[in-house]
Structure formats: structure tokens, C-alpha cells
Amino acid sequence: MLATLLELFPAPFGYLHLSPVAWIATVILKTIGVPAELTTRDAAAGYCLLDLDGVHYLVTHECTGIVAAFIVTAAIIAYPTARTQKHRGLALAIPAVTLFGVLRLVVLGVVAQSRPEWIDVFHVYIMELVTLAFAIFVFVYWIEEFARR
Amino acid sequence: MGPAMRKASSFLVRFLVIVVILFLLWSFLSQLYLSSLVVVYNTIASTTVKFAVYGGSLAAVYHGLQPQPMILLLRGNDVFFMNLLIAPSLLLSTRLGSLRSHLVWIASVTGLIWLGHLVSLGFGSYLVIWDFVDSLGPGQSQDIALRVEDLFPRAT
């Protein structure tokens, strides 16, 4: 349902998730010395343009790890526990996974800048698996800390 | 570090170790897996679309659009099969009690995922050809576009 909402209404997700995540990642990239420029003009359409030293990268929702946020949100809502614990879980998981999305973009930016030949492997495989692993970690932590109480 | 964080961290480490091992295995097994899907799909599906593996990539072979079959090479297709790594890694890093439970679960889940991939090949063949036709410019191979609409009708 969350994925369908993203497909049907990309603009709110673009303004509330994609743009801020890509913007914070760009600020961090600049801080660590990566020459990055971000254009958020098309965020409502579901993408931003990240310029890394003259090479343009299309940053889409998928690049920000939003799917992992959907998975952990769905898992928390579906888990049989009290509503208060679910609220706590969402308050913990959504910011955590979103922050991880920032980290993911920073890593991809650094790889794109320093080892462009590795960007596909990192983008398609490694960061996908690591992002999902982090989402599962957050979910397991929530179960152990809150949901079973 | 509290007990909850300790449990979650150890789960994360187990999961990452297992998924890395499976990922390395995957680089050898992906061809075999892809071939198994292609063979079964080509045996049971219609003759309009067949799949083949060319140089490690999946290729959709469309018959009836041109005098010769039209081949579209689908690069990076194995990313769709990554759930084959995730599901067994999740099951192996979860404490289920016995080895037999792990094996039964892994076999069941992998079988279901394989079936899902087989079905997605069928749907994927439609999506790929529509995507190809939509990317054609005005005046570019419009005869192919018309044949596609005829052979692969879109829901209205």
C-alpha cells in the first residue's frame, strides 16, 4: 500500500523525503570535500539531479532507501503488539532508516567520485543489501526493546 | 549495550555474514538459476516470446514483430533475483531450533520465490516491449509499434 501511494502521489514523498535526504547528503558530501551540487527542481516528479564534478547522477526515491522504510513500517504495523509500542516503533524506525538513507547516498557519492567503476555494484547490490540489513536490525531491536514488553 | 541492542546487533552480524557468503556464491549460481527459469518458461509459455541467456544477461526474443525475431537484451536483470539471497539469509540468521526446520523453510521459500520469478518473466516480457515501443521517437519503426499493440495488447 505504501509503495502504491508513492506511485500515485510522488510529489509529497518528493518534497518530504527525497529532497531533504538528498539535500543533507549533498551537504555532508561537500563537507567531506566531494564537489557536489544538487538540483531539487524535479523532486515532485520523483527525482533530483546530483552533479558530482561534472557527472550527473539521477537520485530517485529508490536511491534514498525509501523502500526499506516502507518494509520496516509495514513490519511494525503488522507485528502483533500494543498500539503504543507500534507508535514508538514508527517513531524510532522511520527517522533511523531515513538517516541511513542519507548515509547511503553519501557512500554512493563518495564511491561515484573516487571509484566510478564501482558505482553500479555499490548502487545495485551492496547498498541494497546493507540498507535492508539495517532495516531488519531496527525491526529486531524494536521487537526486543519494546514490542515484547 | 543493553540486551535488546546486543540481540539485534548479533542478528545483524549473522545476517550480514550469511548474506555476504550467499552473495559470493550467487556470482557463480546466478547463471544456473537464470537458465533454469528460461528453460521452464520457454517450455510452458507461448511462442510469441522466448527468453535466452546471452553473455550472462537475460534476452527477450520476440517473434512476429519483424521478419526476423527481435531481441532485447535486459542488462542488470539479476538484481530482481536478490530476494533469493535475502530470504535464506533471514531464515539462517533466525534461531528456528533445528537444522531440519531451517532446511524446510529455505526450500519452501526458495521454491515460492522461484515460482514468483517465473511469473514475473511472463509479465516482464510485456513491460519490456511496451517500454521499448514508448521510447521510440515519432516516425521511428512505427510498424513495430503497431505490431506490438496487436500482439501485446495493453489493458484499457
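Tutor: Let us start with helix α4 of chain A, residues 83-114, which lies across β1, β2 and β3 of chain A and runs at about 40 degrees to β2(A). Please keep in mind that this is a predicted model.

Student: Which other helix lies across β1, β2 and β3 of chain A, and at what angle to β1(A) does it run?

Tutor: That is α2(A), which lies across those three strands of chain A and runs at about 165 degrees to β1(A).

Student: What is the strand order in that sheet, and how is it paired?

Tutor: The sheet of chain A is open, with three strands in the order β1-β2-β3 and antiparallel pairing. Its edge strands are β1 (36-39) and β3, each of which pairs on one side only. On average, neighbouring strands of this sheet are turned by 25 degrees against each other, when direction is ignored.

Student: How many bridges join β2(A) to β3(A)?

Tutor: Six bridges join these two antiparallel strands, and within the pairing A:Leu50 stands opposite A:Tyr57 in β3(A), while A:Tyr47 faces A:Thr60 of β3(A) as its opposite residue. For β1(A) and β2(A), the antiparallel pairing extends over four bridges, and there A:Glu37 has A:Asp51 in β2(A) as its bridge partner.

Student: What sits between β2(A) and β3(A)?

Tutor: The two strands form a hairpin with two residues between them, and A:Asp53 in the turn has a positive phi of about 55 degrees, although A:Asp53 is not a glycine.

Student: Is A:Asp53 buried or exposed, and why?

Tutor: A:Asp53 is exposed, because 11 other C-beta atoms lie within 10 Å of its own, and a residue counts as exposed when that number is 12 or fewer.

Student: Switching to chain B now. How does the span of α1(B) come out against that of a straight helix?

Tutor: Helix α1 of chain B, residues 3-44, spans only 52 Å between its end C-alpha atoms, whereas a straight helix of 42 residues would span 62 Å at 1.5 Å a residue.

Student: Which residues of α1(B) are buried, and what covers them?

Tutor: The buried ones are B:Ala8, B:Phe11, B:Phe15, B:Val19 and B:Leu34. Their cover includes α5 (119-147) of chain A, and from chain B it includes β1 (49-54), β2 (57-62) and α2 (83-93).

Student: How many residues does each chain put into the contact?

Tutor: Chain B contributes 14 residues and chain A contributes 11 residues. On the side of chain B that touches chain A, the largest share, 10 residues, comes from α1(B). By class, that side of chain B has 12 nonpolar residues, one polar and one charged.

Student: And what does the sheet of chain B look like, in terms of order and pairing?

Tutor: The sheet of chain B is open and has three strands in the order β1-β2-β3, with antiparallel pairing. Because β1 and β3 (70-74) of chain B stand at the edges with a single partner strand each, one side of each is left without a neighbour in the sheet. Six bridges join β1(B) to β2(B), which run antiparallel, and B:Val49 stands opposite B:Tyr62 in β2(B).

Student: At what angle to β1(B) does α1(B) run?

Tutor: It runs at about 160 degrees to β1(B), lying across β1 and β2 of chain B.

Student: Last one: where is B:Gly56, and is it buried or exposed?

Tutor: B:Gly56 lies in the loop between β1 and β2 of chain B, and it counts as exposed, with 11 C-beta neighbours inside 10 Å. B:Gly56 and B:Gln31 are 25 residues apart in sequence, yet their C-alpha atoms are 6.4 Å apart in space.

Methods: Residues numbered from 1 in each chain as written. Chains lettered and ligands numbered in written order. Predicted model: local features only at pLDDT ≥ 70, side-chain atom pairs only at ≥ 80, totals over all residues. Expected span 1.5 Å × (residues − 1). Buried ≥ 20, exposed ≤ 12 C-beta atoms within 10 Å, placed from the backbone. Contact = placed C-beta atoms within 7 Å. Pairing = 2+ DSSP bridges. Axes fitted to C-alpha atoms, helices over the stretch in contact; angles between N-to-C directions. Nonpolar A, V, L, I, M, F, W, Y, C, P; charged D, E, K, R; others polar.
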